[in-house]
Amino acid sequence: MKNVFHKFAGLLPGCGACAVACAALLSGCGEPSFKIKGEIYGAEDKSLVLEKSDFYGRWVAIDSTRVSSNGNFSISRPAPAAPEIFRLALGDRYIYLPIDSVETVTVTSSLKDYGSQYTLTGSANAEAMAAFEKDLMALPSDISADSLNSFKRSVFSKYMRDAQGSIVSYYVLTKIIGDKPLFDPQRGDDYKYFAAVATGFKELRPNDPRTRLLEKTSMDAIKRRNSEKGLRMQIEANEISVIDIDLPDEDGKNRKLSEIVGKGKPVVVMFTLLTHPDSPAANIELSKLYSSMGGNVEFYQVSLDPDQYAWREAARNLPWITVFDNAGQYSEAARSYNVGDIPTFFVYDRNGELKARANNLQELRRELTSN
């Protein structure tokens, strides 16, 4: 059996940014650069200062410009070698901007409302950062602990869980409100958010210094937590709870992953192509493994096949749950699990914690039989 059925270019993060960067390099127009432009109503002749953040949160002025008589401004800078956070300062008020490479980000605001009411356009990351800041500003100053935890779960879901190593997820995770961090790895279960973001950075940005910082922060917090509770460290957390999937089986009935996870049995989530020539042999081996567990494991197989009819015929006799994702290589479920190669397996333990990722049957068998 081949370990890799197919590699989806559409699921490999960063390809779009690379393509844009390459296009800029090949254009012959000089050094690749990004641009921040826009209009600040009522701020004519005011100075705007562009500052860059390092991964310790320190801000350094790198450029400045003046708003023109019609309220417009523009700053161009060499494209960063890796994604960076910048902020545009007007006096002691700031608008934060993420820059991946050679994009143009447009800022619209006014002198009166600068830093509190503004729009960012030009990149998905910029729009996400503006939306996060808007959510943050709407947070009441006397928010209760329960409401704050609910807010953090919402923020994680909206801006970090599917961000796949985005600089925005790092920014959100390290945001300081007043003199306190929004996410504190030494408080409650916040360490899980750090572990989740660290996993994305480790897979997609292994050489980014933020990756090492996130990994150390999350692992130190996990060790401290387990030490305090007298528990041995069992997992390297990479998600807050089950990453749910809700797709139809071969009979057209929707089957939710969350309905079987955390119900006392380990659950294996599989991303496969059932109509691939290697699949029959793979399914024989999977059936042997499934049978050897004596009913003490659940399989949930997500098929990304292009032909639904052929998939249904192949799935009909399998003894476990098999669902069909008609989005294929553009599957949201596959993106949520950061799947690049097929097949890929994920193992939830009997308590519903996502504990392991396996890239082939040998690794999967080892994970299931080691506990």
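A search of the whole structure, which is a predicted model, finds 16 aromatic pairs. F34 belongs to strand β2 (residues 33-41) and F86 to strand β6 (residues 84-90), so the pair ties together parts that are 52 residues apart in sequence. Both F34 and F86 are buried.

Y96 and Y171 form another tilted pair, with 5.5 Å from centre to centre and 45° between the planes. Since Y96 is placed in strand β7 (residues 93-99) and Y171 in helix α4 (residues 167-173), this pair ties together parts that are 75 residues apart in sequence. Y96 has a relative accessibility of 14% and counts as buried. Y171, at 7% relative accessibility, also counts as buried. Y96 and Y171 belong to a cluster linked by ring pairs, in which the other members are W59, Y94, F132 and Y159.

R87 lies over the face of Y94, at 3.7 Å from the ring centre. The ring of Y96 has the charged end of K175 over it, at 4.5 Å from the ring centre.

As for the chain overall, 10 helices and 19 strands are present. Of its 371 residues, 44% count as buried. Among the contacts between residues at least 6 apart in sequence, 61% join residues at least 24 apart.

Helix α7 (residues 279-292) consists of 14 residues. From its first C-alpha to its last, α7 reaches 20 Å, close to the 20 Å expected at 1.5 Å a residue. The buried residues in α7 include S279, A282, N283, L286, L289 and Y290. These residues cover an arc of only 120° around the axis, which puts them on the same side of α7. On the other side of α7, the exposed residues include P280, K288, S291 and S292. The elements that cover the buried residues of α7 include the strands β14 (267-272), β15 (298-303) and β18 (344-348), together with helix α10 (361-369). After α7 comes G294, which has a positive phi near 60°.

β15 runs parallel to β16, and four bridges join the two. Within β16, I321 is the residue that stands opposite Y300. Strand β16 (residues 321-324) is covered on both faces. I321 and V323 are buried on one side of β16, and T322 and F324 are buried on the other.

β18 pairs with strand β19 (residues 354-358) in the antiparallel sense, over four bridges. V347 has A356 in β19 as its bridge partner. Five residues lie between the strands in the hairpin of β18 and β19, where G352 takes a positive phi near 95°.

Two aspartates in loops were also examined. D249 is located in the loop between β12 (246-248) and β13 (254-256). With a relative accessible area of 8%, D249 is buried. Leaving aside residues up to four places away in sequence, D249 touches R255, W311, T322 and V323.

D45 is found in the loop between β2 and β3 (47-53). Although D45 is not a glycine, its phi is positive, at about 70°. D45 has a relative accessibility of 52% and therefore counts as exposed, the cut-off being over 50%.

How values were computed
Residues numbered from 1 in each chain as written. Predicted model: local features only at pLDDT ≥ 70, side-chain atom pairs only at ≥ 80, totals over all residues. Heavy atoms only, no water. Phe/Tyr/Trp six-rings, centres within 6.5 Å; stacked < 30°, edge-to-face > 60°. Buried < 20%, exposed > 50% of the residue type's maximum accessible area, 1.4 Å probe, protein only. Lys NZ or Arg CZ within 6 Å of the ring centre and 35° of its normal. Contact = heavy atoms within 4.5 Å. Expected span 1.5 Å × (residues − 1). Arc of directions from axis to C-beta. Pairing = 2+ DSSP bridges.
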